[in-house]
Amino acid sequence: MIYDVLLQLPVFQGITKDQLTGILEKIPFHFQKYQPEEVIVSSGDPCDSVLFVLSGTVTHEMPTYDGRVIVKQDFEGPYTMPFYYLFGVSTNMPSRLVAKNVVGIMKLEKKHFLDILQSTTIPLVNVLNMLSTHAQKQHQVMDFMSQKAVLARLASWLLTYTDRVGKDIFITASEADWCKMLNTDPADFWRNVAILEGKHVIEQIDEGLKLIDRYALRGFVGNK
């Protein structure tokens, strides 16, 4: 049932089926299907809608460090794609969304999203919680370099730039860029990569690092 799927989405958690019915009757939602490898959103597209993954898996490709580092992670439905560029000075998507398999997307335009938040308290509180969590994570982005040990900085970086529910997480970056980000030299960088590999936390694949056990990274984030 579509209602059961929608009630699992963070924006709508806590509301009743009757309340959800009232929202669906008043607000126009758009439903779309995407085939495997079809691009859902391209980098630079205007962020003018909220996207909900109802079924299937979406690959989220986020460039960082002036586009030289790419973080790829998969999100399975039901899932609310980040909408942090819906507001603010920059309202263009920095990332790219690609269907990994057959994906069902529900799209809600910005105006109608605001209508829901203005008329229903629970979705408003949910969205404020999501925005607050994101703001706290952004603080971690600025804070990770204060870790004393390179291993702690590497673990902190991986935690900061990946998502708790992300799957099949892969980071592409050159040796030089890793060293610049972590303020270290190649020998020390690879020594710490080997430590995490030995603990089955990450794995080297081609020209990148695959995150195997994100939860275990917390054990490597040392005192500042």
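Rings of Phe, Tyr and Trp (for Trp, the six-membered ring) are taken as a pair if their centres lie within 6.5 Å, and the pair counts as stacked with planes under 30 degrees apart, as edge-to-face with planes over 60 degrees apart, and as tilted for the rest. The views below show a predicted model, in which local features need pLDDT of at least 70 and side-chain atom pairs count only at pLDDT 80 or more, whereas totals for chains, interfaces and linings use all residues. Residues are numbered from 1 along each chain as its sequence is written, and side-chain values use heavy atoms, with hydrogens and water left out.

**View 1. Aromatic pairs of the structure, with Phe75 and Tyr79 as one of them.** The structure holds eight aromatic pairs. The rings of Phe75 and Tyr79 have centres 4.5 Å apart and planes at 10°, and the pair is therefore stacked. Phe75 is buried at 3% relative accessibility, and Tyr79 is also buried, at 13%; here buried means under 20% relative accessible area, exposed means over 50%, and partly exposed lies in between (1.4 Å probe, protein chains only). The rings of Phe189 and Trp190, by contrast, have centres 4.8 Å apart and planes at 65°, so this pair is edge-to-face. Phe189 counts as buried at 1% relative accessibility, whereas Trp190, at 34%, counts as partly exposed. Phe189 and Trp190 belong to one aromatic cluster together with Trp157, Tyr161 and Trp178.

View 2. Helices (H or I, at least four residues) and strands (E, at least two residues) are DSSP runs numbered from the N terminus, and two strands pair if DSSP finds at least two bridges between them.

View 3. Thr80 counts as buried, with 5% relative accessibility. Leaving aside residues up to four places away in sequence, Thr80 touches Leu9, Pro10, Val11, Val50, Leu51, Phe52 and Met130, where contact means heavy atoms within 4.5 Å.

**View 4. Strand S11 with its partners S9 and S10.** Strand S9 (residues 167-172) and strand S11 (residues 208-211) run antiparallel and are joined by four bridges, with Ile169 standing opposite Leu211. Strand S10 (residues 202-205) is likewise antiparallel to S11, again over four bridges, and here Leu211 is the bridge partner of Ile202. S10 and S11 form a hairpin with two residues between the strands, in which Asp206 takes a positive phi near 50°.

**View 5. Asp177 in helix H6, and the covered helix H5.** Asp177 lies in helix H6 (residues 175-182) and is buried, its relative accessible area being 7%. Not counting residues up to four places away in sequence, Asp177 touches Tyr65, Arg68 and Val69. Helix H5 (residues 150-160) is mostly covered, with eleven of its eleven residues buried; among them are Arg153, Ser156, Trp157 and Thr160.

**View 6. The whole chain, as context for the close-ups.** The protein has seven helices and eleven strands, and its C-alpha trace spans about 60 × 35 × 35 Å along the principal axes. For 224 residues, a compact globule would have a radius of gyration near 17 Å, and the 19 Å of the protein agrees with this; the radius is taken over C-alpha atoms, and the globule rule is 2.2 Å times the number of residues to the power 0.38. Buried residues make up 42% of the 224 residues. Of the contacts with a separation of 6 or more, 72% are between residues 24 or more positions apart. The accessible surface comes to about 11900 Å², of which 52% belongs to carbon and sulfur atoms; accessible areas come from the Shrake-Rupley method with a 1.4 Å probe, and for residues only the protein chains shown count as cover.
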